[in-house]
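Please keep the sequence and the structure in view while reading.

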Amino acid sequence: MLKVLIADDHAVVRQGLAYLINSQPDFKVVSEAGNGTDAYARVEQGNIDILVMDLSMPPGESGLVTTQRVHERFPNVKILILSMHEEQEYINQAIHNGAMSYILKSSPDSELVNGLNALAANRRYIDQNITLTKSDIKQIEADGLDAHLQGYRSLSKREREVFPLMALGYTNKEIANRLFISTKTVEAHKASIMHKLSLNSRPDLVRYAVHHHLIEF
């Protein structure tokens, strides 16, 4: 029985997905999350085989970023993206970041089931309504696809947790309480983030985050 975590910002969507997934013989939904940060924290706790995740879960970390973080730290967790985004940019980036499957929310339930079964067999599955060209595959496999994010990739695990909260305007105290660290530690992380990204102000940070699809409002 493969243990599934569902991450979507709409409770009614999570309930529907849980019902569908639990109806399949080899899968069991063991946990849910409403945003990328909570999804990563749940994966960190262990006992998750498959993460079924939306890309847009505002406000907070983009699902593209969560995908990358989970894949880099927990490569054995298979990621299935279930998204309304049909734009090739999102699809290519999600797969590049580590997603093994990409399913459109507009597709029938059978596509999600096909994606889950493929992941169970350790195979990649792309929605039949999506066409990947040779150019797309080249982009997905290219190391340079996220070269413009070298600064972001240099952030530590904790700094990546502070980053979206900082961009969304959380106070030092709010960030400290959420991450169970001191306000002085938050201040140190903020200074380090600004230095590594060569940014001078929070507006600059927000523009950077939005431009690179790192957070959702």
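## Serine 101

Serine 101 is found in strand E6, where strands (E, at least two residues) and helices (H or I, at least four) are DSSP runs numbered from the N terminus. Serine 101 is buried, with a relative accessible area of 0%; buried means under 20% relative accessible area, exposed over 50% and partly exposed in between, with a 1.4 Å probe and protein chains only.

Not counting residues up to four places away in sequence, serine 101 touches Ile79, Leu80, Ile81, Gly115, Leu119 and Tyr125, a contact being heavy atoms within 4.5 Å. A polar atom of the serine 101 side chain lies 2.8 Å from the backbone oxygen of tyrosine 125.

## Basis of the model

This is a predicted model, in which local features need pLDDT of at least 70 and side-chain atom pairs count only at pLDDT 80 or more, while totals for chains, interfaces and linings use all residues. Residues are numbered from 1 along each chain as its sequence is written, and side-chain values use heavy atoms, with hydrogens and water left out.

Strand E1 (residues 2-7) and strand E3 (residues 50-53) run parallel and are joined by 4 bridges. Valine 4 has isoleucine 50 as its bridge partner in E3.

## Nonpolar cores

A nonpolar core is a set of buried Ala, Val, Leu, Ile, Met, Phe, Trp, Tyr and Cys residues joined through side-chain atoms within 4.5 Å. The largest one has 27 residues, of which Leu51, Ile81 and Tyr102 touch the most other members. At least two residues of this core come from each of E1, helix H2 (36-45), E3, helix H3 (63-73), E5, helix H4 (88-96) and strand E6 (101-104), and H4 supplies the largest share, 4 residues.

Leaving aside neighbours within four places in sequence, leucine 51 is in contact with Leu5, Ala7, Val70, Val77, Lys78, Ile79 and Leu80. Another core, of 24 residues, lies apart from the largest one and includes Ala167, Val186, Leu205 and Ala209.

Notes:
Pairing = 2+ DSSP bridges. Polar contact = N/O pair within 3.5 Å; in protein donor to acceptor, adjacent residues only side chain to side chain.
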